[in-house]
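Dear colleague,

Please find below the structure that I am handing over to you.

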Amino acid sequence: QVQLVESGGGLVQAGGSLRLSCAASGRTFNEYFVGWFRQAPGQEREFVAAIGWSGGARYADSMGRFAISRDNAKNTVYLHLNSLKPEDTAVYYCAASLLWTDNDRQYSSWGQGTQVTVSS
């Protein structure tokens, strides 16, 4: 198993940017794909992006303003949130999976989440 801790959330004005970090511990981190998900109040959790060991990435169709990156030396995955909108307000979670997937049920390890609030 791998343990994950998110950070970097906060309050930002519309049009602003944030960089979320997902720090991982565990010797087998390199074996995992890492994904970001988000959940807004009253809504289901949705896939944002995922990244593999070599840096290959996939995104949900509506997440073109965001970018995912990975620093394997630091065991950290980043999610760059750009041109933020109020509808991006949510708790953002990172998660690890042995599968290359956007299905949250196939992710076995989850962080505690970090709140992102975008004001208009």
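Predicted model: local features only at pLDDT ≥ 70, side-chain atom pairs only at ≥ 80, totals over all residues.

Residues are numbered from 1 along each chain as its sequence is written, and side-chain values use heavy atoms, with hydrogens and water left out.

Overall fold

The chain has zero helices and eleven strands (DSSP runs numbered from the N terminus: H or I of at least four residues for helices, E of at least two for strands). The radius of gyration, taken over C-alpha atoms, is 13 Å, close to the 14 Å that the globule rule gives for 120 residues, so the chain is as compact as a globular protein of that length. That rule is 2.2 Å times the number of residues to the power 0.38. Along its principal axes, the C-alpha trace spans about 40 × 25 × 25 Å. Of the 120 residues, 43% are buried (under 20% relative accessible area; exposed is over 50% and partly exposed lies in between, with a 1.4 Å probe and protein chains only).

The core

The largest nonpolar core contains 34 residues. Such a core is a set of buried Ala, Val, Leu, Ile, Met, Phe, Trp, Tyr and Cys residues joined through side-chain atoms within 4.5 Å. Among the residues with the most contacts inside this core are Trp 36, Phe 66 and Tyr 92. Strands that each supply at least two of its residues include E3, E4 (33–39) and E11 (114–119). Contact means heavy atoms within 4.5 Å; Tyr 92 touches, among others, Leu 20, Trp 36, Phe 66 and Val 116, not counting residues up to four places away in sequence.

The disulfide

A search of the whole structure finds one disulfide, defined as a pair of cysteine sulfur atoms within 2.5 Å. This link joins Cys 22 to Cys 94, with an S to S distance of 2.1 Å. Cys 22 lies in strand E3 (residues 18–25) and Cys 94 in strand E9 (residues 90–97), so the pair ties together parts that are 72 residues apart in sequence. Both cysteines are buried.

Two loop residues

Asn 75, in the loop between E7 (66–71) and E8 (76–81), has a positive phi near 50° although it is not a glycine. Ser 83, in the loop between E8 and E9, also has a positive phi, of about 50°. Ser 83 is partly exposed, with a relative accessible area of 42%.

Yours sincerely
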